[in-house]
Amino acid sequence: MTAHTDQAIATPPRAPSPEHGFGTLAVHAGSPHDPTTGAVIEPISLSTTFAQTAVGKPVGEFEYSRSSNPNRNNFEAMVAALEHAKYALAFSSGSAATTVILQSLAAGSHVISVSDVYGGTHRYFTQVAKAHGVRVTFTPEIEVDIRDHITESTKLVWIESPSNPTLRLVDIRAVATQAHEHGVMVVVDNTFLSPYIQNPLDHGADIVVHSVTKYINGHSDVVMGVAAFNSDALYKRLAFLQNALGAVPSAFDAWLAHRGAKTLHLRARAATANATAVARALEASPHVIAVNYPGLDSHPHRHIAKKQHRDAMGGGMLSFRIRGGHAAAERFCQRTRIFTLAESLGGVESLCEVPSSMTHAGIPRDQREAVGVFDDLVRLSCGVEDAEDLKKDVLQALECAVAEVEAEEAAAAAAAAKDGNGVDGTNGTNGVNGH
Ligand SMILES: Cc1ncc(COP(=O)(O)O)c(C=O)c1O
């Protein structure tokens, strides 16, 4: 070993500090060089248990991997830095992060949630939280009527901004100010934007949660969740539950997600540029009824994006209503060549889906339509491919879908007319009217 190498290994890891920019933090926070080998990328620590020199005296800071392990700790340190938080706790999925936060409430607690939350969060609130005595009220206009819903037992407000799949924005500061006047805590699900575009704690939220499965990991190969916050009391309670409930990620997943997050700023910028190009192309198409994208000036909450998002960015997610109803929405998703028909979002590859029959199928029709989730809504997750290719792909899929559905409807009408003719011996008018 040369003197030069010795010195390199002995050099203490360079710790990024809060004044560093996002990219520097993403690459370096929670990423110490390996103290033994100098490896610049941390090894994956698969051991489930750690040796002790005497009872209760572990060799290092770890004892048992569910309670803590090096890869999870490093991932948590990185997310805390990116979300401007003192603490972050990682979970086995975004849903597990939601579960742990809801489990931290005492029986009899009341929660106020925005109406258009992720389908799985809605399912947890309506079908699981009830079982341990937590009641949830949904409101479509939380900034306007939060005070009307707050009761003595209200403990938490749950916001998703942007919401899934309609991309409505909530003014986090306005909600947090009102909630805090009544001692109510505010949670923001920041999955759709990632910490690069929005930092909810800076706008008054108490906890920010992510489905790490999406942008933070960014490569569609890990299911994981995380919650970040500043309160010491919250850390005590949630870290206890993280260990007690055991819904923790594996060391391997924590390592993969940490690696993915090192390029989050690059991916989030590319996805925003692509979504902006696609949203503009859709807005100009005669086959589109409406486009929901917070990066467009036509978005009703654009003013919130301007004050809450980095550089007023719109993120990589958008949704739109296609002419031709549900059939056209489904056909569109089958006709794209680059966008893959699949659930999930936030990966490097572009995805499309029909929320009314996929991610949001579990929400009763009247409730989902009240918040804009119509049968003809298509949701797109723009990846980091080339903008021109994505634009061309959606435009050709629109042409195909609308033309095919129109042709099928014309054929069905002609067949019905013919049937009507055969059945009642008239000129077929009855059959067409019946259709
Ligand atoms: C906004 C949002 N929050 C939470 C979740 C749940 O995350 P996970 O699938 O990692 O449990 C999802 C999943 O799609 C989501 O889109």
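A: Lysine 307 is partly exposed, with a relative accessible area of 49%. The model is a predicted one.

Side chains of opposite charge can pair when their charged atoms come close. Lysine 307 forms a salt bridge with aspartate 171, and the closest N and O atoms are 2.6 Å apart. The two partners come from distant parts of the chain, 136 residues apart: lysine 307 lies in helix 12, and aspartate 171 lies in the loop between strand 6 and helix 7. Aspartate 171 is buried, at a relative accessible area of 13%, whereas lysine 307 is partly exposed.

Glutamine 308 counts as buried because its relative accessible area is 4%, and the limit for buried is under 20%. Its side chain reaches the backbone nitrogen of isoleucine 172 at 2.9 Å. Leaving out residues up to four places away in sequence, glutamine 308 touches Asp171, Ile172 and Arg173, among others. Val170, Ser161 and His203 are also among the residues that glutamine 308 touches.

Next comes the wider setting. The chain is divided into domain 1, residues 3-261, and domain 2, residues 264-404. The contact between them takes 41 residues from domain 1 and 41 residues from domain 2. The C-alpha centres of the two domains lie 27 Å apart.

The size of an interface is often given as the accessible area lost when the parts come together. Here domain 1 and domain 2 bury about 3,300 Å² between them, and 62% of this is on carbon and sulfur atoms. On the side of domain 1, Leu169, Tyr196 and Tyr215 lose the most area to domain 2, together 24% of what that side buries.

Polar links cross this interface too. The rule finds 1 salt bridge between domain 1 and domain 2, along with 20 residue pairs in polar contact. The elements that give two or more residues to the side of domain 1 that touches domain 2 include helix 7 (172-181) and helix 8 (194-197). Helix 8 gives the largest share of that side, 4 residues. By type, the residues of that side divide into 19 nonpolar, 16 polar and 6 charged.

In it, the side chains of glutamate 141 and arginine 168 meet at 4.0 Å, N to O. Arginine 168 is in the loop between strand 6 (154-160) and helix 7, and glutamate 141 is in the loop between strand 5 (135-139) and helix 6 (142-149), so the pair ties together parts that are 27 residues apart in sequence. Glutamate 141 is partly exposed at 40%, and arginine 168 is partly exposed at 26%.

Glutamate 369 and arginine 365 pair at 3.2 Å, N to O. Both lie in helix 14 (residues 365-370), 4 residues apart, about one turn of the helix. In total, the structure holds 16 salt bridges.

Definitions and conventions
Residues numbered from 1 in each chain as written. Predicted model: local features only at pLDDT ≥ 70, side-chain atom pairs only at ≥ 80, totals over all residues. Heavy atoms only, no water. Domains from an automatic or database assignment. Contact = heavy atoms within 4.5 Å. Buried area = accessible area lost by both parts, 1.4 Å probe. Polar contact = N/O pair within 3.5 Å; in protein donor to acceptor, adjacent residues only side chain to side chain. Nonpolar A, V, L, I, M, F, W, Y, C, P; charged D, E, K, R; others polar. Buried < 20%, exposed > 50% of the residue type's maximum accessible area, 1.4 Å probe, protein only.
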